[in-house]
Amino acid sequence: MARRIVVGRALLAAAAILMAVPAWASSPRLSIILPRGIQRGTEQVVTFSGSSLGDAQEILFYSPGFEVTKLEPNGNTVKVTIKVATDCRPGEHVAQVRCASGISDYRTFFVDPFPAVAEKEPNSNFDAPQPITLGVTVGGVVQNEDVDYYVLDAKKGQRISAEVFGMRLGNTLFDPYVAILDSKRFELSSADDTPLVLQDSVASVVAPADGKYYIEVRESAYGGNGSSRYRLHVGTFPRPTAVYPAGGKLGEEVEVRFLGDPAGELKQKVKLPATTTPDFGLFATDAGGIPPSPNPFRLFEYGNAFEVEPNEAVATATPVQLPLAFNGIIEKKGDVDCFKFSAKKGQVFEVECYARRVRSALDPVMNLYYANGKSIAGNDDSRGPDSYFRFSVPADGEYVVRVTDHLGRGGSDFVYRIEFQAVKPRLTLGIPRVERYGQYRQTIYVARGNKFATLITASRANFGGELVLEGKDLPAGITMHAENMPSNLNSMPVVFEAAADAPLSGKLIDFTARHADPKQNIVGGFANSADFIRGAPGQSIYKRKAVNRLAIAVVEELPFTLEIIEPKVPIVRNGSMQLKIVVHRKEGFKGAINVQLPFRPPGLGAASSVNIPADKNEVLYPLSANGGAQIKKWRIYAIGSSNVKGAAWVSSQLATLEIAAPYVTFAVQRASCEQGEEAQIYCKLNHAAAFDGMATVKLLGLPPKVATTDIQFNKDTKELTFILKTEKDTKPGKYNNVFCQLIITQNGESIVSRAGGTQLQIDKPLPPPPGQPVVKATPKPMPKVAAGQPKPAPPKPPKPLTRLQKLRLAAKQRAEAKATARETQETGGGSK
Amino acid sequence: MRLKISAIHASCLALTVLAAASTAFAQDSAAKPASIRVNPADIHLTTVRDRQAIIVQAVYPDGITRDVTEQVTFTLANSAIVKQEKNVFFPVADGTTEINVEYAGHTIALPVVVKQATADPAISFQQDVMPVLLKAGCNTGSCHGAKLGKDGFRLSLFGYDPQGDYHNLTREISGRRINLALPAESLMITKSTGVVPHTGGGRFKADSEYNATLMRWVESGALNDPGAVPKVVSLEIYPKGAVLNGQGTTQRINVRAKYSDGTDRDVTSLAKFSSSNENSATITQEGTVTAEKRGEAFVMARFDTHTVGTHFIVLPKDLKFAWNDAPAFNYIDESMHKKFKKLRINPSDICSDDQFLRRATLDITGVLPTAEEFQAFMSDSDPKKRDKLVDELLTRKEFVEIWVMKWAELLQIRTTRQVSYKAMLRYYNWLQARIASNVPMDQMVQELLGSNGGTFANAATNYYQNETNTQKVAENVAQVFLGMRIQCTQCHNHPFDRWTMDDYYSFAAFFSQIGRKRGEDPREMIIFNSGGGEVRHPVGNRVMQPKFLGGETPDVKGKDRRVVMAKWLASSDNPYFARNLANIVWAHFLGQGIVNEVDDVRVSNPAVNPELMDALAGHFTEYKYDFKKLVRDICTSRTYQLSTQTNETNASDTVNFSHGSLRRLRAEVLLDTISQVTDTKNKFSGLPMGARAVQIANGNTSTYFLTAFGRAKRESVCACEVKMEPNLSQALHLLNGDTIQSKIASGKLVERLLAEGKTAPQVIEALYIRCLTRKPTAKELASLAAVLAEQKNDKQVLEDVFWALLNSREYVFNH
């Protein structure tokens, strides 16, 4: 068994490769940007590696500060010369490659505040470290069981900070450890997992004396491999582990305290942006420089309130006014913070506690009480380690919210904030994945003079209703075709069409939808998240990156277009249809085309894909509708791919497909007979809508050696009967899958449906009753009579007996036969 | 060979010298007894049905005992209060009196108290009927105690559910099992007396006392006990020990139960008897022990949920024995010698210096002594050099590593689907840090069992990530830290121990409030006190209060139950903790536990030397659980230093540590020493080149060699995980496998020694010292010289010698 499974897996894997090869060979893919970091204020050459990048035309950046001065595509890589602005935000940035034939995946790269140096092996011994200076970024690799040592000189009182990017680089499951040691090998500061940077780590210390200091980097469990890259930033920069408060009001100036730096607390005034900014964070800056990554900071529509100790109990809770964000620190082991506020009956709040989401070490537990201490709600982990609940205020009055650590821990940087916000509608758009962990076809690239389509999903929170896609700001020459998304659906087909003369160009756009009712004023945009690192247990995601803009481009023209021939008849419930799809080939194009129907209205089934061979120009796509298919005129599209210097994708137009109720349904009676006899299947018709001319009904699902003929009928026929001929050796048994297939012709096309099913039972003839002289059985002991009599000749055969009626009759006759037999026996006995 | 001859020689000599003394010794046993023991020491008779048998044992100056119950004279001070029938006494009237017991000039007065002499209470289902069912074997696993019962009738196994049994007897198939109209027709009566066919046959006679009890119960309406039934609080077995002189000698046993209402009862007829060693002593179900072959036996009686035992020594008739006056090096030897004298065993001589060096170095550090260490030790003339060696070895880091490995086995440190490599490594490092810094064992265990937090942040919590089933956790804790296997009591009261289902579920209740949640890192789990969750007893579904095994019910309200439990478990309040750890340490150095297996402590598996067990546990507690000191005591004792050569008296002894035992090296140590003597390095995953197998953190990291030689996979806490049994693949691997041959080749030791200018005999000597910690004998040298003379290629021959040494039993065993 095990072996078979293994073989099966191997086959699957092989299949996956076969399928993947044309796709990967074609559409551009980006797997890594190297080196992983660039120093800001410099111009550097960076290599974008992946596949099919030979026709790269542009790099799309998701954040400002980058200028490409040279683009040198070469096969599967692109050498890009990038000029990074001096004020570019240090840390993670996102880019993707736009090619003449498509758009690649997006990947991250990093902006460093320091010049880069490369790791030089051998540096695995404390006694033979690699010398560096303060203020550098080391790009290194940790091989299996590898330990990297660096040495630097520092003066007494100088701050030495070391921050390592490992998991954040998004390469592989590499969990780095960093330590700062003195020359006697004593660890002055070390970290494996720093809450601020999750699995990555930071160490920071004020040099106790002039001398040499050592930095050690390794995998926390002495693992590692060739992809275990890291960027180690070493400098005199402040490295606070928390910022307090960890959020502020949009557009306002706030004073914040940076906590956890070895040189002491740092105060800074910051003017916050007026609009929401993704990945917003604050950089603690002083004479020592700027850290390579920020402290995450929440931008909120309301201002801050602060805890005032002592506030351990409901009675001593810090009074605050809503709406606000409450800020506090769980300062020591066992610390508890309470806030008191008043609320009005009927108000509904989303209560979010931000701690781990702003990278605080706190694992918050949040509880809500009446002012008298009676509990209302509580939560530990609804938002990852953070807490959340919705609070419907039961009555006017005062309430207390309480925060503590799940394990009763505490620390000077255990910062949190609780945001109270009224429940608001939220709308997010997306494109479903076609690869389980990849981004393939999650961008829009439309060939000139052709079409491209995708499903757009919408997730509505706290509201319902129809949505309108706005499609603003599309590149020149692209038009969007989409209907409104009905309230009961959360995905819809959208077709993009590029004019034949559209210029080759692309951009990142804010792709938005709004509520169909303009009064509602609900708008939402596109979001996507890519999985970069996954690992055990299960396929846990260790590093992902979310973006909120959609990449869209016009690409080179393709030698084929796709068209759905709109059917002139509907597909009915329980019916099927062969949807015709046509390919229009340009002169000389001979590729086979794989066609899919990604959008399926509720209740509509279809094959996952069909193939148009190289020598054919059309294909019939089998569709079926189940009994509950939603009746409506739907808009659908087909998408097809062919190998044109790799897999190229086009779509058909948005075509109409109607799903309708069946014209007529059949109530079919069960039937039975003995081998070699005839059976009748009686059908009662129920007309829902009239049709013209004659329709045909076929009885399908019959076992071998049972014959019948098709029947024609019209809109006035009320009932009909199939005569079934069985043979002596027809296999006896119950056949449950016998059904009527109905074919109605309209507008020259067929509407095919399944009109009703039944059961056919074929029995072996019973042996004669025991004790009965077999030979003399000229009058048949078994009641064949009823079933036998109607010949096809009479125009209307008498209504056949049901199975139950037949059984009753048989029982009656058996009883009579027995009685007769007893009589004969008695008389016989008497004669002896 | 040479050694053996000399040892035999020495013992012969000793025998002749002491022959005269021992003759006198043997003759003494026929003389007047030194004392008599009357058991029990008092008589309490309550109600007309009560009775008490008395047994009298004569103790002779040489320690031999005799059952003289038949020969003694009983004199009743007042026959109006008590009456006598042979050695059994019955109540007559309320009051107190005395009975005088006289034998061979010894007299003992036996106080008697009689209460409610005329009261005749109704037969109790639980106190009278259930014991009959247990004694007759009705509720054993092979009979009606089976999970689905037998032949349509089910009783709870060993009677753990009296109310269920009452229901099944009286309410199922009413009128058949119990026929109130015709009591004698009840199936319960007719089946058990064999009147009607019964798969189990007749269990007792119709005229027996057992049947009378059942009949009387049915006749009086087969009623259930009204209200609470007095519980058996203790069980006493008499005599407290016996030394039987020669095969066929008998000694009767008496068992008395004490109840929670203050009464007692002679339950000899209702107790189940068994012997731990039928080869030496058999016991009838009536309670008569018969001596068989020389040896020891633990004779046990079980009544209700209690099992008690008494120690029997069987000696050949009129054995001649002279104590060899072995000196005691410390308290361990004192306890040992006391026992040896009782058994008429002389301990072996102490082993030679080279043997001690090899033995102690291997046991304490898991490596072989180097040539330099050998020379230094052998040339040291300090009489205290063995103690000095032990002290020095205890300071080495290899000592720590051995014990980290042993603890890693008990704590099951390994990667699983739940436990990531990182969590496992942190767990291992936590353990290593504790042992390396000599954290007292009680502190370490308390920290472990009371741990809370993330499996990365506080690695001790991995203990609770490894095993997430509440009952399994409880079972593991009992097995590792108390040495007890309580698994049986999950389903029924332990048949050979004192533990009941109540004990099991009450102990499991300590682990019912372990909260577990995913950490932010998917590999991390957070263990915390959830403050809620109970364990329920499967019979009656009642919530069980946490109760220490064999201890009190602590107040756990508002506390972390595990912390409360850990505080008790790893303390002197818990009588099992120090004993168990001391026993584990002992077993490492002596090859088997004082209780063996070390994790199978139970009433029916007593310590071979309880006094030593107590002494070790006492010292360990006194040392504040610093086990290094305990190791020192053990390794400097004479018992540890005994030669493996036996003498006439201890040749058949396998359990009393009267001579050294041959112990195969464990897988890791064997591989490490092979690498050590061949000057080669191993590479294990997660460890630098040249690391030793002992240092492997992960139970799942193994090599073919380690697996073949039985390295523990750490899948369970069982002491049996480390396999020491020989098998064919071990032998074949040593002979033909790549380990030894390739290590000899890649180590190039012989080549190097020759290059240093050593002659072939010098190389041979060096190899002998390296591998066996001794110089070759003259005979060995002579035969090897012959081979060298015959063959041209010295290097080839010497490498063959090396190979042969590594394959020798002398190498593979610690001796």
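**Entry: helix α16 of chain B**

I began with helix α16 of chain B, where I find Arg561(B), Arg562(B), Val564(B), Met565(B), Ala566(B), Trp568(B) and Leu569(B) to be buried. Since seven of the nine residues of this helix, which covers residues 561–569, are buried, I note it as largely enclosed by the rest of the structure. Looking at the start of α16(B), I see that a side-chain oxygen of Asp560(B) comes to within 3.1 Å of the backbone nitrogen of Arg562(B).

**Entry: confidence**

I am working from a predicted model, and I looked up the predictor's own scores before going on. The complex is given an ipTM of 0.82 and a pTM of 0.86. For chain B I noted a mean pLDDT of 91, with 96% of its residues at 70 or more.

**Entry: the interface of chains A and B**

I then turned to where the two chains meet, and found that chain A and chain B each bring 23 residues to the contact. Together they bury about 1,500 Å², of which 52% is on carbon and sulfur atoms. On the side of chain B, the residues that lose the most area to chain A are Lys517(B), Glu520(B) and Arg523(B), which together account for 38% of what that side buries.

For the polar side of the interface, I count 11 salt bridges by the rule between chain B and chain A, and 14 residue pairs in polar contact with both residues at pLDDT 80 or more. I also asked which elements of chain B supply the touching side: α11 (421–436), β21 (453–454), β22 (514–518) and β23 (525–529) each give at least two residues, and α11(B) gives the most, with four. Sorted by class, that side of chain B holds 10 nonpolar, four polar and nine charged residues.

**Entry: Glu520(B) and its arginine partners**

I followed Glu520(B) next, and found it in a salt bridge with Arg359(A), the closest N and O atoms lying 2.7 Å apart. A salt bridge also joins Glu520(B) to Arg356(A), here with 2.9 Å between the closest N and O atoms. Arg356(A) sits in the loop between β30 and β31 (364–370) of chain A and Glu520(B) in the loop between β22 and β23 of chain B, so this pair joins two chains. Arg356(A) is buried at a relative accessible area of 13%, whereas Glu520(B), at 27%, counts as partly exposed.

**Entry: Lys422(B) and Asp175(A)**

The side chains of Lys422(B) and Asp175(A) form a salt bridge with an N to O distance of 2.4 Å. This pair also crosses between the chains, running from helix α11 of chain B to the loop between β13 and β14 (176–182) of chain A. I checked the burial of both partners and found Lys422(B) buried at 3% relative accessibility and Asp175(A) buried at 0%.

**Entry: a salt bridge within chain A**

A search of the whole structure gives 91 salt bridges over all chains, and from these I picked Asp261(A) with Arg159(A), whose side chains meet at 2.5 Å, N to O. The pair links distant parts of the chain, 102 residues apart, with Asp261(A) in the loop between β21 (253–259) and β22 (266–271) and Arg159(A) in strand β13 (residues 159–165). Asp261(A) is buried at 8% relative accessible area, and Arg159(A) is buried at 7%.

**Entry: Glu352(A)**

I located Glu352(A) in strand β30 (residues 348–354) of chain A and noted that, at 12% relative accessibility, Glu352(A) counts as buried. Its side chain makes a polar contact of 2.8 Å with the side chain of Arg357(A), and another, of 3.0 Å, joins Glu352(A) to the side chain of Arg383(A). Leaving aside neighbours within four places in sequence, I find Glu352(A) in contact with residues including Ser387(A), Tyr388(A), Arg417(A), Ile418(A) and Glu419(A).

**Entry: Pro226(B)**

Last, I looked up Pro226(B), in the loop between α5 (209–219) and β11 (232–238) of chain B, and found Pro226(B) exposed, with a relative accessible area of 73%. Its C-alpha atom is separated by 92 Å from that of Asp794(B), which lies 568 residues away along the chain.

Notes:
Residues numbered from 1 in each chain as written. Chains lettered and ligands numbered in written order. Heavy atoms only, no water. Contact = heavy atoms within 4.5 Å. Buried area = accessible area lost by both parts, 1.4 Å probe. Salt bridge = Lys/Arg side-chain N within 4 Å of Asp/Glu carboxyl O. Polar contact = N/O pair within 3.5 Å; in protein donor to acceptor, adjacent residues only side chain to side chain. Nonpolar A, V, L, I, M, F, W, Y, C, P; charged D, E, K, R; others polar. Buried < 20%, exposed > 50% of the residue type's maximum accessible area, 1.4 Å probe, protein only. pLDDT = per-residue confidence, 0-100.
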